[in-house]
Amino acid sequence: EMLRSLVGSEMCIRDRFKRIKKHKEITDKDKYRYIYFGKGQVFRKQNGDYNIVFNENFDGSIKKVKCVLSEKMIEDCMFGKANKLDMLNSAIGKEKYIYVFASKNISEKYKTVYLNVKNLDCIAISDIDVDKIDEE
């Protein structure tokens with residue numbers, strides 16, 4: 001019984017991961033938060049904000065995909081701020097797999113899909129592509 005519930009919850013967790021290039025830009029579930037991920041880069045702006053720009057688009061879309069981390073969000077980080085800033089800074093200018101627990105906001109004006117995170121805890125940066133884990 002415990003094994004069955006673990007397998008069931010694993011399926012549920014896997015469903016929360018959305019590889020950007022494998023999913024449509026607009027779905028009926030966009031109001032929910034998911035872990036969107038793909039290859040991308042981190043940029044630091046002069047005003048202290050960070051931009052995460054994904055190098056992939058949603059399936060069938062030409063809009064850029066980006067996550068903006070405001071200086072205020074960074075200032076408001078209560079725990080582990082130095083580690084999180086190290087993670088962001090070490091990824092600047094390098095292509096990495098970036099995972100964001102976010103909601104989606106589509107801007108037709110800027111031709112961009114914004115992935116909105118609540119705080120710095122919602123971001124992970126890695127050399128690992130979770131799509132490939134089962135293949136090893």
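This is a predicted model: local features need pLDDT of at least 70, side-chain atom pairs count only at pLDDT 80 or more; totals for chains, interfaces and linings use all residues.
Where does D131 sit? D131 is found in the segment that follows β7, the strand at 123-126. With a relative accessible area of 27%, D131 is partly exposed, because that value falls between the cut-offs of 20% for buried and 50% for exposed. F17 is 114 residues from D131 in sequence, while the two C-alpha atoms are 9.4 Å apart in space.

Now the charged partners. The side chains of R19 and D131 meet in a salt bridge, at 3.4 Å from N to O. This pair links distant parts of the chain, since R19 belongs to strand β1, residues 17-19, and D131 to the segment after β7, 112 residues apart. The two side chains also make a polar contact, at 3.4 Å. R19 is buried, with a relative accessible area of 4%.

The side chains of D131 and K22 form a salt bridge at 3.1 Å, N to O. Here too distant parts of the chain are linked: K22 is in the loop between β1 and β2, and 109 residues separate the pair.

Over the whole structure, a search finds twelve salt bridges. One of the others joins the side chains of E95 and K39, at 3.9 Å from N to O. E95 is in the loop between α3 (81-90) and β5, K39 is in strand β2, and they are 56 residues apart. Both count as partly exposed, E95 at 46% relative accessibility and K39 at 30%.

Next, a charged residue without such a partner. D49 is in the loop between β2 and β3. D49 is buried yet has no salt bridge, and the nearest side chain of opposite charge, K45, is 4.5 Å away. Leaving out neighbours within four places in sequence, D49 is in contact with F43, R44, L69, S70 and E71.

L69 brings us to the core. The largest nonpolar core has 26 residues, and I52, L69, V100, L115 and V117 touch the most other members. Elements giving two or more residues to this core include β2 (34-44), β3 (50-54), β5 (96-107) and α2 (71-75). Not counting residues up to four places away, I52 touches a list of residues, among them V42, V65, L69, V100 and I123.

One backbone detail. K111, in the loop between β5 and β6, has a phi near 50°, a positive value in a residue other than glycine. K111 counts as exposed, at 54% relative accessibility.

Finally, the overall picture. The protein has three helices and seven strands, in the order α-β-β-β-β-α-α-β-β-β along the sequence. Of its 136 residues, 36% are buried. The protein exposes about 8,800 Å², with carbon and sulfur atoms supplying 54% of that. Among contacts between residues at least 6 apart in sequence, 62% join residues at least 24 apart.

Notes:
Residues are numbered from 1 along each chain as its sequence is written. Side-chain values use heavy atoms; hydrogens and water are left out. Helices (H or I, at least four residues) and strands (E, at least two) are DSSP runs, numbered from the N terminus. Buried means under 20% relative accessible area, exposed over 50%, partly exposed in between (1.4 Å probe, protein chains only). A polar contact is a pair of N or O atoms within 3.5 Å; within protein, one must be able to donate a hydrogen and the other to accept it, and residues adjacent in sequence count only if both atoms are side-chain atoms. A nonpolar core is a set of buried Ala, Val, Leu, Ile, Met, Phe, Trp, Tyr and Cys residues joined through side-chain atoms within 4.5 Å. Contact means heavy atoms within 4.5 Å. Lys and Arg count as positive and Asp and Glu as negative; His and the chain ends are not counted. A salt bridge is a side-chain nitrogen of Lys or Arg within 4 Å of a carboxyl oxygen of Asp or Glu. Accessible areas come from the Shrake-Rupley method with a 1.4 Å probe; for residues, only the protein chains shown count as cover.
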